[in-house]
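Work through the exercises below with the sequence and the structure open. Try each task before reading its solution.

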Amino acid sequence: SSPSSRRNSFKNDSFIDEKDVIDSITNTELGCLSIVVLGASGDLAKKKTFPALFNLFRQGFLQSNEVHIFGYARTKLSDDDLRERIRGYLIKGAPAEKPEILSDFLKLIKYVSGGYDSAEGFLSLNKEISEHELAKNSYGSSRRLFYLALPPSVYPSVCKMIKSYCMNQAVPTGWTRIVVEKPFGKDLASAEELSAQLGELFDEPQLYRIDHYLGKELVQNLLVLRFANRLFLPLWNRDNIDNIQIVFREDFGTEGRGGYFDEYGQVFLHLTVISYTGTIDWFIQILVGHHSSGRDCTFSCCVSKQVLELCPKSTNFGTFSYRIIRDIFQNHLLQVLCLVAMEKPVSLRPEHIRDEKVKVLQSVLPINYDEVVLGQYEGYTDDPTVSKDSNTPTFATIILRIHNERWEGVPFIMKAGKALNSRKAEIRVQFKDVPGDIFKCKKQGRNEFVIRLQPKEAMYMKLTVKKPGLDMSTIQSELDLSYGQRYQDVQIPEAYERLILDTIRGDQQHFVRRDELRAAWEIFTPLLHDIEDGKVKPVPYKTGSRGPPEADELAAKAGYVQT
Ligand code: NDP
Ligand code: BG6
């Protein structure tokens with residue numbers, strides 16, 4: 001399909017105001033587009049970013065005559081090396097693809113090697129982009145999207161380089177947008193510092209902070225579900241809902257990524273900035289010598305001579321401990337909570353939606369430690385990248401309480417864990433018991449509305465019905481909307497695909513605003529600091545279990561009834 005027909009078909013499906021879309025197309029969607037993946041040699045780039053770009057390309061959202069994709073990183077690679085590196089991941093996502101589509105896509109990719117604070121590197125990147133713009137620019141515009149698939153330690157220097165050497169050359173018709181990956185900081189102070197550093201260089205409308213949960217189909221469905229169905233409007237409140245669970249479970253552990261999950265991840269990242277050698281040896285040497293349990297670690301002396309020569313003993317590496325709370329709660333689960341709990345926005349404009357989300361976050365009460373259970377799976381510290389005495393939680397159940405008219409008294413039971421017995425993410429809205437029940441429904445369980453975000457997207461409502469037959473008895477049954485059955489001919493897009501497309505379209509609805517980020521960190525920072533200070537400790541749980549039994553007890557105490 002032609003670029004304009006593809007854009008139009010997308011436009012017609014969208015529920016964003018037609019006029020807004022037309023304005024945004026005329027003003028910003030024309031002209032050649034340069035997509036720059038910084039950190040192109042890395043894991044996220046090959047597994048998520050390039051496959052998402054390929055999917056957009058094969059569906060016609062990216063066109064050969066206007067798009068060019070640049071990979072940038074320090075590793076010395078040729079264009080073909082990068083293409084070979086990512087080829088397998090592209091095919092994985094689209095096995096039945098015609099080979100010429102794949103080769104057309106790969107032809108669009110160029111690689112530039114350079115440092116993250118190197119003027120020379122960014123000047124040559126700019127030269128490549130400008131050449132592409134000269135060759136393909138039929139509209140005299142310039143659209144430059146920089147995707148930072150990089151550790152956050154280099155965000156400030158990369159942003160400075162972009163600002164100095166690689167900005168859109170066609171002001172005011174084009175744009176420069178920066179997509180940043182999580183984690184945005186390790187606590188309130190560091191997140192604010194990062195925001196301030198980036199904020200000095202770019203305006204908020206240029207910054208796209210990704211939380212890939214916001215790109216998931218059923219997360220995006222939440223607003224429609226809540227505000228386009230009369231059925232839910234009068235029920236969605238403290239008068240009818242007893243408790244809400246937001247659950248994330250994974251059936252695998254940190255699997256060698258423990259160092260990333262635990263404190264050590266950031267020590268490694270910082271050291272490589274100072275002394276990058278391109279080998280893993282440094283990592284191992286540093287882990288052996290690092291003994292940190294605090295928020296900031298000072299390098300101790302028991303490391304190899306080579307490392308000591310490069311890093312003074314007093315170097316403060318500012319550790320990040322990822323923990324389940326930083327990795328999942330502060331971002332993914334809290335974003336879902338906002339969409340479940342927020343009031344109806346004035347319109348679907350991104351600012352209106354984000355205003356409502358911020359209000360929810362600001363209404364969350366300080367966490368009561370009696371309503372927290374932390375867990376660590378047995379064997380977590382066997383990971384060679386994890387300290388033997390690590391108190392990093394790999395599981396948490398935390399009850400959040402929202403102090404407003406709609407939700408006063410309703411516990412939001414937030415649960416996330418690694419190495420559990422299943423992989424799934426879901427929202428369970430449990431309704432109160434029927435008053436004056438004449439059927440003894442309690443025995444059958446309560447009404448529960450479940451939104452399964454993954455795997456196998458579905459929504460189902462647990463209802464009590466008459467058991468079919470001559471007897472007058474009740475049974476718990478389900479009204480089931482399973483997407484795999486109902487929408488067989490629709491391939492549900494990957495979150496990253498959608499979010500990159502949103503960035504190109506200039507729609508920030510599904511991205512995290514700076515004040516939202518601050519409010520989110522405000523909720524979890526005190527608890528995170530207390531965990532780091534050893535004041536709150538995880539209890540052990542068995543790999544492949546439901547997590548610590550204490551977590552189920554807490555949920556039951558908060559009112560959740562297993563149906
Ligand atoms: P990688 O560790 O693979 O790093 C990406 C690239 O960055 C590397 O190829 C390397 O490129 C460069 N790099 C690595 N360490 C440093 C360092 N200390 N200083 C400077 N450059 C460095 O990370 P991922 O691709 O896994 O993740 C990138 C970002 O995305 C991170 O912020 C991560 O938190 C986030 N993320 C990742 C997910 C995933 O599934 N991987 C999921 C969600 C978020 P070179 O040496 O060639 O310059
Ligand atoms: C990432 C976390 O943000 O989300 C990972 O860093 C986690 O630890 C992943 O595994 C889960 O994403 P998804 O889309 O598989 O639920």
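This is a predicted model: local features need pLDDT of at least 70, side-chain atom pairs count only at pLDDT 80 or more; totals for chains, interfaces and linings use all residues.

## Exercise 1: A sheet and its strands

Solution. As a check on one position, take valine 36: its bridge partner in β4 is phenylalanine 146.

## Exercise 2: Two ligand shells

Task: Determine which helix supplies the largest share of the shell around ligand 1, and which residues surround ligand 2.

Solution. Begin with ligand 1, which has 23 residues around it. Those that come nearest are Gly42, Leu44, Ala73, Arg74 and Thr75. Two helices, α3 (43–58) and α11 (264–275), each supply at least two residues of this shell. The largest share comes from α3, with four residues. Sorted by kind, the shell around ligand 1 has twelve nonpolar, six polar and five charged residues.

Now turn to ligand 2. His212, Glu250, Asp327 and Ala425 surround it. Sorting this shell in turn gives one nonpolar, one polar and two charged residues.

## Exercise 3: The faces of a helix

Task: Find the buried residues of helix α19, and explain why they line one face of the helix.

Solution. Helix α19 spans residues 549–558, and its buried residues are Ala551, Leu554 and Ala555. Looking down the axis of α19, these buried residues fall within an arc of 95°, so they line one face.

Then consider the face turned away from the buried side of α19: it carries the exposed residues Glu553, Ala556 and Lys557.

What do the buried residues of α19 pack against? They pack against three strands: β8 (372–377), β9 (395–401) and β10 (411–417).

Finally, look at the residue that follows the helix. Just after α19, glycine 559 takes a positive phi of about 120°.

Note on methods: Residues are numbered from 1 along each chain as its sequence is written. Chains are lettered from A and ligands numbered from 1 in the order in which they are written. Two strands pair if DSSP finds at least two bridges between them. A residue is near a molecule or strand if its C-beta atom, placed from the backbone, lies within 6 Å of it. Ala, Val, Leu, Ile, Met, Phe, Trp, Tyr, Cys and Pro count as nonpolar, Asp, Glu, Lys and Arg as charged, and the others, Gly among them, as polar. A residue is buried if 20 or more other C-beta atoms lie within 10 Å of its own, exposed if 12 or fewer, and partly exposed in between; C-beta atoms are placed from the backbone. The arc is that of the directions from the helix axis to the C-beta atoms. Two residues are in contact if their C-beta atoms, placed from the backbone, lie within 7 Å.
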